[in-house]
Number of protein chains: 2
Amino acid sequence: MDRLKDAFDKVLEKDCDMAVISKNENIFYLTGFKPSTRAFLILVDEPFLMVTSMDVDEAENSSIDVFEFKKSEDVKEKIESLSPMAVIFEPSLPIGTFSKLKGSFKFIIEDIIGDLRMIKEKVEIEYIKKALRIAEESFMEIRVQGVEARIAADLEYHMKVNGSMKPAFDTIVTSGVRSSNPHAEVSFNRIQTPVVIDWGATWRYYYSDTTRTLVMGEDEEEILDILLDAQKEGVKTAKPGVKASYIDKVMRGVISEYGYEDNFIHSTGHGIGLEVHEPPSLSANEDIKLEKNMIVTIEPGIYIKGKFGFRIEDMILIKKNPKILNTLPSRI
Amino acid sequence: MDRLKDAFDKVLEKDCDMAVISKNENIFYLTGFKPSTRAFLILVDEPFLMVTSMDVDEAENSSIDVFEFKKSEDVKEKIESLSPMAVIFEPSLPIGTFSKLKGSFKFIIEDIIGDLRMIKEKVEIEYIKKALRIAEESFMEIRVQGVEARIAADLEYHMKVNGSMKPAFDTIVTSGVRSSNPHAEVSFNRIQTPVVIDWGATWRYYYSDTTRTLVMGEDEEEILDILLDAQKEGVKTAKPGVKASYIDKVMRGVISEYGYEDNFIHSTGHGIGLEVHEPPSLSANEDIKLEKNMIVTIEPGIYIKGKFGFRIEDMILIKKNPKILNTLPSRI
């Protein structure tokens, strides 16, 4: 129940007396109940859940009160019956739902739970490491040959059999010229070089996220070297007290030295946990300072349009001596 | 470009002169461009896309103008530069984003594209049928034995190798007492009877969705009979001009005759296309009238808490003689 208490403290800090938590990951984080459909955690002094009939049984396994609702108006009624002075809604709430919930009370829009979730507890670190272990073991069990889609299918199969609930995201296997698009979808082409594989597993709702690029020949090796150099410098800086944007700056600096500043077309990394992408973002505009026990990805990439693309992504535990959680070699 | 024209006609019908389309499926439906991250289609007389740097290349393959944005404020500026009188925003837009886009113009919140998407064009019906064919063929290739998670992994593997971009949703394989929860997650238990398998494939972003229940023994056979009876009556009514809620009423009626009215704990079905669940919902409160070339699922279920659960789900093309698109037998 400490998380609920910490969350309600955040509500009071914002001069509010209620928060309507609607993001399923946040509800899970605070209550241990994972909604299968729309649900609300009404965060007041004595917090309670509002769920649909489908979820009542599941929700009752949590240690807080559960009320069933049929339509959004039921939730609004319940909120108004408590006569809140000022309510926090989450930025992710769809406006369609919001327009049915808003009442005569004052409100602000603020993500208060994201802040809490950034710092991982011991058990969360264990779950994330377990997800990563499944992903890495599964990678070792497959052979990178044949058709892109089959490699992705193999990897996802092994992850599931090894205990992953589901792939953390659609596994990316792109090769040859298609690798120059960081978001290319899996095709039925036979692999060419280089091969970018970006994949992750799920353990108890916690995700892993890793990328490896298989290269061939001196030119490709050289680009991989640049990425490894950049990543090494990035990881070194990933310490408590450092601004998230600073890691991006350092890594971009290394890549620029080699003349590829225009080819690193995405941000340096992102927090990971109950979502694959969660705060903090390691990007140029992120002012958040890193803290101990955050987990972030560090993923330098170089993409040359019409030619090829490369990316290396590892998961880092922020501490005085930043720890790379991956055990898979960077060159494979 | 007809879809864009039809969509803009909808805007004018609502006495507006602009719609900000933010739902990725709707952007894809109208332009053929599938955003990999946040994007906006500004639907005005001469519509254009606003995308992030990651998506510029991809977006330029569409036949309309593309502008890059870095932050939501850039989009707001662009909107205001056109001095719209009244703007439509979509209900799915997160309030966090909405609060950055709203300006001095009037606005309404309305889903105008969902209406268009309900009626499937010929090519869409073909894609949905292809997704279904992949799902059914893949099912025939696996053996329902061993551990639940392995069956799910097998099915997803075969779907991907057979051309599915990704599973339509996390494949459900639940058996024995766990089948009484329609949303139970896959476990590492060896299967028991009955076995509920709910799965779907994806073809060119279009989904399929099917459920089969494998039963054993007379008691289970009897319940399956009730579902098949209910489904048959439901499908018969799935004709143009019939209210969506009426199918739910008819099917619920059959199940009630057998005394299981409290055990059919979800709605009768849902539209399917670029989303697994899309309008119309076949539920008690849905006033939409069915029209020719809608595609819906019809999925009666009986769940007896602590004992077992059953569900049969097929995909139906609405027409004068409603057509079941599935070819897999209901009893397997």
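Two strands pair if DSSP finds at least two bridges between them. The legends below describe close-up views of a predicted model.

**View 1. An open sheet of three strands in chain A.** In chain A, 3 strands in the order β7-β8-β11 make up an open sheet with antiparallel pairing. The edges are taken by β7 (172–175) and β11 (210–214) of chain A; each has a single partner strand, so one side of each is left without a neighbour in the sheet. From one strand to the next, the twist averages 10°. Strand β8 (residues 195–199) of chain A runs antiparallel to β11(A), to which 5 bridges join it. Within this pair of strands, T211(A) in β11(A) is the residue opposite D198(A).

**View 2. The packing of helices α9 and α10 in chain A.** Helix α9 (residues 218–237) of chain A packs against helix α10 (residues 244–257) of chain A, with the axes 8 Å apart and at an angle of about 155°. Because angles over 145 degrees count as roughly antiparallel, α9(A) is described as roughly antiparallel to α10(A). The crossing of α9(A) past α10(A) is right-handed. On the α9(A) side, the residues that meet α10(A) are I226(A), D229(A), A230(A), E233(A), G234(A) and T237(A). Their counterparts in α10(A) are Y246(A), I247(A), V250(A), M251(A), V254(A) and I255(A). By residue class, the contact of α9(A) with α10(A) comprises 8 nonpolar, 2 polar and 2 charged residues.

View 3. E299(B) lies in the loop between β14 (295–298) and β15 (301–304) of chain B. Is this residue, E299(B), buried or exposed? E299(B) is buried, because 26 other C-beta atoms lie within 10 Å, where 20 or more are required. Apart from neighbours within four places in sequence, the residues in contact with E299(B) are T211(B), T268(B), G269(B), R311(B), I312(B) and E313(B). One of these, I312(B), is 13 residues from E299(B) in sequence, and the two are 5.3 Å apart in space, C-alpha to C-alpha.

**View 4. The contact between chains A and B.** Here 28 residues of chain A are in contact with 28 residues of chain B. On the side of chain A that touches chain B, the elements giving two or more residues are α5 (95–101) and α8 (148–161) of chain A. The largest share of that side, 8 residues, is supplied by α8(A). The residues on the side of chain A that touches chain B are divided into 15 nonpolar, 7 polar and 6 charged.

Notes. Residues numbered from 1 in each chain as written. Chains lettered and ligands numbered in written order. Predicted model: local features only at pLDDT ≥ 70, side-chain atom pairs only at ≥ 80, totals over all residues. Contact = placed C-beta atoms within 7 Å. Helix = DSSP H or I, 4+ residues; strand = E, 2+ residues; numbered from the N terminus. Nonpolar A, V, L, I, M, F, W, Y, C, P; charged D, E, K, R; others polar. Buried ≥ 20, exposed ≤ 12 C-beta atoms within 10 Å, placed from the backbone. Axes fitted to C-alpha atoms, helices over the stretch in contact; angles between N-to-C directions. Parallel < 35°, antiparallel > 145°, perpendicular 65-115°, else oblique. Left-handed = near helix turned anticlockwise from the far one by under 90°.
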